Amino acid sequence: MSLLRMVYLALALWGAVHPMYYFIQWFSENGLSLSGMVAAWHANAASSGLVWDLTIAAIALTVWVLAEVSVRRNWRALIAIPATFCIGVSCGLPLYLFMRTAPVK
């Protein structure tokens, strides 16, 4: 495995674990209220801007993954879409780059 692929994989793992630490911490303090979390995301203009920035990035990544999968036929790369929306762009993007840079068999 190339150094670049190892970096992508490490970033995907970090992007999955690090944000989850804060989500779990928030849920333990506030209960399993998804609506409460969404309200917290929009607590002020700065956090709302960040939410929209990440939402647009997630949609752009999804369009890119779908376009590339339709050409490359690398169906396993579709896993980056649920990783993006269930975990975050910080996991989904490096995961997709890791899968995209796999050697062709």
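**Note on the predicted model**

1. Trp64 has 32% relative accessibility and therefore counts as partly exposed (buried is under 20% relative accessible area, exposed over 50%, partly exposed in between, with a 1.4 Å probe and protein chains only). Tyr96, by contrast, is buried, at 2%.

2. Conventions. The model is predicted: local features need pLDDT of at least 70, side-chain atom pairs count only at pLDDT 80 or more, and totals for chains, interfaces and linings use all residues. Residues are numbered from 1 along each chain as its sequence is written, and side-chain values use heavy atoms, with hydrogens and water left out.

3. Aromatic pairs. Three aromatic pairs are found in a search of the whole structure (rings of Phe, Tyr and Trp, the last by its six-membered ring, pair if their centres lie within 6.5 Å; planes under 30 degrees apart are stacked, over 60 edge-to-face, the rest tilted). One of them joins Tyr21 and Tyr22, which is edge-to-face because the planes stand at 85°, with the ring centres 5.0 Å apart. Tyr22 is partly exposed, at 46% relative accessibility. Trp64 and Tyr96 also form an edge-to-face pair, with 5.0 Å from centre to centre and 70° between the planes. Since Trp64 belongs to helix H3 and Tyr96 to helix H5, this pair ties together parts that are 32 residues apart in sequence.

4. Overall fold. The chain has five helices and zero strands (helices are DSSP runs of H or I with at least four residues, strands runs of E with at least two, numbered from the N terminus). The C-alpha trace spans about 50 × 25 × 20 Å along its principal axes. Of the 105 residues, 29% count as buried.

5. Helix H5. This helix has twelve residues and reaches 16 Å from its first C-alpha to its last, close to the 16 Å expected (the expected span is 1.5 Å times one less than the number of residues). Nine of the twelve residues of H5 are buried, among them Val89, Cys91, Leu95 and Phe98. The ring of Phe98 has the charged end of Arg5 over it, 4.0 Å from the ring centre (the criterion is NZ of Lys or CZ of Arg within 6 Å of the ring centre and within 35 degrees of the ring normal).

6. Ile79 is found in the loop between H3 and H4, and its 46% relative accessibility makes it partly exposed. The C-alpha atoms of Ile79 and Leu95 are separated by 8.5 Å, although these residues are 16 apart along the chain.

7. Largest pocket. Its volume is about 830 Å³ (on a 1 Å grid over the protein atoms alone, a pocket is an open set of points where a 1.4 Å probe fits, with protein on both sides within 12 Å along at least five of seven lines; lining residues have an atom within 4 Å of a point). Of the 25 lining residues, Phe23, Trp41, Val51, Leu54 and Ile87 are the closest to the centre. The lining divides into 19 nonpolar, six polar and no charged residues (Ala, Val, Leu, Ile, Met, Phe, Trp, Tyr, Cys and Pro are nonpolar; Asp, Glu, Lys and Arg are charged; the others, Gly among them, are polar).

8. Second largest pocket. About 300 Å³ of space lies here, the volume being the space filled by probe spheres set on the grid points, which are joined across faces, edges and corners. The lining includes Arg5, Phe98 and Lys105, and it divides into five nonpolar, one polar and five charged residues.
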